[in-house]
Amino acid sequence: MIPLMAMTFLISCGGGDTASKEKKPVEPTPAAEAPKDPAYEAGLALVAKNDCLTCHKVDEKLVGPSYREVAEKYAGATPEKITEVAGKIIKGGSGVWGTVMMTPHASLSQEDAETMVKYILALKK
Ligand code: HEC
């Protein structure tokens, strides 16, 4: 499953020669067009290092909601909300987006989880 998804990323990000407006060539990351944010690079690295991308993609619903949808939903989130959503990643849970469970990530620190939430929220268009 993971190698297949990696291929999908390569295919979907590979041939982007038409739409590059002002910035560098498309990077092989799920969110090359996202705005720069201090937490962005760190959050992206953490998301890539953990199992998040087996259930989430930036633009498409997979097992969980797309990160873009999450970013829209929590646009303008207060620090308290970021803390809460980060806690959800650590504890796991369901009910906000449907009945499917997000698995707990008990080994993550609250700080790392918040960094990932900030990265996800920076994906808002
Ligand atoms: C086993 C699949 C799975 C994995 C792995 C997973 N998620 Fe999720 N995620 C989900 C599902 C399903 C939901 C929707 C939960 C709900 O409806 O409340 C979700 C929801 C979320 C939300 C929104 C939470 C909310 O309350 O609105 C965020 C943010 C998130 N995931 C981030 C992550 C991050 C970061 C990781 C990696 C550390 C990760 N997810 C790993 C399945 C997963």
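Analyst: Helices here are DSSP runs of H or I with at least four residues, numbered from the N terminus. With that numbering, α3, α4 and α5 each contribute at least two residues to the shell around the ligand. The largest share, 3 residues, is supplied by α4. The model is a predicted one.

In total, 28 residues surround the ligand, and C52, C55, H56, Y74 and M102 are the closest. The space that the ligand takes up is the second largest pocket.

Now the metal. Two side chains coordinate the iron atom of the ligand, H56 through NE2 and M102 through SD, at 1.9 to 2.1 Å. These two residues are 46 residues apart and link distant parts of the chain: H56 lies in the loop between α2 (38-49) and α3 (67-73), M102 in the loop between α4 (79-91) and α5 (110-121). Around the iron atom there are 6 donor atoms, and the arrangement is octahedral because the angles they subtend run from 87 to 179 degrees. Octahedral here requires opposite donors to be over 155 degrees apart and all others between 65 and 115.

The two coordinating residues can also be described by accessibility. H56 has a relative accessibility of 10%, so H56 counts as buried. M102, at 23%, counts as partly exposed, since the cut-off for buried is under 20%.

A polar side-chain atom of H56 is 2.7 Å from a nitrogen atom of the ligand. On the backbone side, a polar atom of G95 lies 3.2 Å from an oxygen atom of the ligand, and a polar backbone atom of G98 lies 3.3 Å from an oxygen atom of the ligand.

Terms used. Residues numbered from 1 in each chain as written. Predicted model: local features only at pLDDT ≥ 70, side-chain atom pairs only at ≥ 80, totals over all residues. Heavy atoms only, no water. Donors = N, O, S within 2.8 Å, 3.2 Å for Na, K, Ca; no water. Tetrahedral: all angles 85-135°; square planar, octahedral: opposite > 155°, others 65-115°. Buried < 20%, exposed > 50% of the residue type's maximum accessible area, 1.4 Å probe, protein only. Near = heavy atom within 4 Å. Polar contact = N/O pair within 3.5 Å; in protein donor to acceptor, adjacent residues only side chain to side chain. 1 Å grid on protein atoms, 1.4 Å probe; cavity = no way out; pocket = protein on both sides within 12 Å on 5 of 7 lines; lining within 4 Å. Sits in = over half its atoms within 2 Å of the grid points.
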